[in-house]
Amino acid sequence: MSEESVDGAAALIAATEAHSARNYHPLPVVVASAEGSTLVDVEGRRYLDLLAGYSALNFGHRHPRLIAAAKEQLDRVTLTSRAFHHDRFAAFCSELAQLCGMEMVLPMNTGAEAVETAIKTARRWGYQVKGVPSDQARIVVAGGNFHGRTTTVVSFSDDPDARDGFGPYTPGFDVVPFGDEAALEAAVDDRTVAVLLEPIQGEAGVLVPPAGYLAAVRRITAERGALFIADEIQSGLGRTGRTFACEHEGVVPDMYVLGKALGGGVVPVSAVVSSRAVLGVLSPGSHGSTFGGNPLACAVALEVIAMLRSGEYQQRATELGTHLHHELSTLVGGGSVTAVRGRGLWAGVDVAPRFGTGRQVAERLMQRGVLVKDTHGSTIRIAPPLVIEKDELDEAVEQFRAVLSA
Ligand SMILES: *Cc1c(COP(=O)(O)O)cnc(C)c1O
């Protein structure tokens, strides 16, 4: 590592701090290239990526199948807007609907846009199908939720960092504690058009609800004629060992909200997937996106769907996840880790306060070549690409163990 290249990284960070809004606080690593589970910084130092772009990189960096699909599409057509048809759109919609066991797809780009789409669709469905009096629709959400950053979405966040200073807020949301069946039962009434939940709360610290909770959500929404909207943007597409986290409880929602890994770590692709009865309430002009469902996005997403259909990635997440959780469980009780949660290749690890903040632990891990992200002060979130090798995962856990015993 030369002096000159060290200055290079520091200079890039300084320039970033001078010219970019401070809405993030990145770890001080400057990535120059990546492959699979490995990142290489501008100084040539290698790191294991245990964040995987918050699950946008479930298939790792630059998976050859996804890069090939993108390159092939780049040489044909990349964007048409939805003003015209293009030849990848039908396959994208039908194959994604089939993967979800649903009938219709509405493509967007980012996760937050897909959540907004779900909210608009549920409200319109409420007025047209359920018969809720106009402008009276309510949507029940869970405390500790994370569904994105738009004005409406932060209106029902209870995280002050995400919400404060952005009012006035969009009305029409009722917040109940996550995992509390009785509270949900009490909150859903005649005006409730939907219950919107993450089946496992990611940003909140990989919180898995009590067994039976998702089945209760399904029962309550079905009984009261409200839609169950599962935000599987982070929990879906293989992360937990199943295509959807809802499957662990044998539950099928009325609507999936998808994003992150759907774009294969190459392009932003999100979607709402539901029945004809629900998505059928939208008419031309009622919703849209210039980039949503573009040919490049469809080409990459089609390859993602084909990869998920094989079941191979779900299988890896199950096997490596069992191994990861076994290894992490050995850290509990030694005084350094107070709790480990999660499912599949996804874990939230609560670090004892005497080891410092989650951020400090993440910085120490970075110095040992492992990149993670802290959340909510003292939780370390672990979500490696599903293509990670077992020895790479073992190496990362070893470094974690070393940091916690230092
Ligand atoms: C990341 C995330 C979103 C927002 O997705 P963006 O692409 O960042 O807009 C919404 N819901 C969940 C559960 C997420 O993890």
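Predicted model: local features only at pLDDT ≥ 70, side-chain atom pairs only at ≥ 80, totals over all residues.
Residues are numbered from 1 along each chain as its sequence is written, and side-chain values use heavy atoms, with hydrogens and water left out.

Helix α5 covers residues 111-130, which is 20 residues, and it reaches 26 Å from its first C-alpha to its last, close to the 28 Å expected at 1.5 Å a residue, where the expected span is 1.5 Å times one less than the number of residues. Just after α5, Gly-131 takes a positive phi of about 85°.

Now to two helix pairs, for which the axes are lines fitted to C-alpha atoms over the stretch in contact, with angles running from 0 to 180 degrees between N-to-C directions. Helix α4 (residues 89-100) and helix α11 (residues 295-309) have axes that come within 9 Å and cross at roughly 30°. That makes α4 roughly parallel to α11, given that angles under 35 degrees count as roughly parallel, over 145 as roughly antiparallel, 65 to 115 as roughly perpendicular and the rest as oblique. On the α4 side the contact, meaning heavy atoms within 4.5 Å, is made by Phe-89, Ala-91, Phe-92, Glu-95, Leu-96 and Leu-99, and on the α11 side by Cys-298, Ala-301, Leu-302, Ile-305, Leu-308 and Arg-309. The crossing of these two, α4 and α11, is left-handed, a term used if the near helix is turned anticlockwise from the far one by less than a right angle, with right-handed used if clockwise.

The other pair is helix α13 (residues 358-367) and helix α14 (residues 390-405), whose axes come within 10 Å and cross at roughly 125°, and α13 and α14 are therefore oblique to each other. Here α13 passes α14 in a right-handed crossing, and Val-361, Arg-364 and Leu-365 in α13 meet Gln-399, Phe-400 and Val-403 in α14.

Turning to the backbone, most residues other than glycine have a negative phi, and most peptide bonds are trans. Against that background, Val-206 has a positive phi of about 60° although it is not a glycine; Val-206 is found in the loop between β7 (192-197) and α9 (213-224), and at 1% relative accessibility it counts as buried. Lys-260, in the loop between β9 (255-258) and β10 (270-274), has a phi near 40°, also a positive value in a residue other than glycine, but Lys-260 is partly exposed, with a relative accessible area of 26%. A cis peptide bond, with omega about 0°, joins Gly-167 and Pro-168, and Pro-168 sits in the loop between α7 (160-163) and β6 (173-176).

The loop between β7 and α9 also holds Pro-210, which is partly exposed at 46% relative accessibility. Pro-210 and Gly-179 are 31 residues apart in sequence, yet 6.1 Å apart in space, C-alpha to C-alpha, and, not counting residues up to four places away in sequence, Pro-210 touches Gly-179 and Glu-249.

Two further loop residues are worth a look together. Ser-37, in the loop between β1 (31-35) and β2 (38-41), is buried at 3%, and, leaving aside its neighbours within four places in sequence, Ser-37 is in contact with Tyr-47, Leu-48, Asp-49, Pro-385, Val-387, Ile-388 and Glu-392. His-63, in the loop between α2 (52-55) and α3 (64-74), is buried at 14%, and with sequence neighbours up to four places away not counted, it touches Met-307, Tyr-313 and Val-387.

Finally, how many disulfides does a search of the whole structure find? The search finds zero, taking a disulfide as a pair of cysteine sulfur atoms within 2.5 Å. Cys-100 is in no disulfide, and the nearest cysteine sulfur, that of Cys-246, is 11 Å away, which is too far for a bond. Cys-100 is buried at 6% relative accessibility, and Cys-246 is buried at 0%.

Key. Buried < 20%, exposed > 50% of the residue type's maximum accessible area, 1.4 Å probe, protein only. Helix = DSSP H or I, 4+ residues; strand = E, 2+ residues; numbered from the N terminus.
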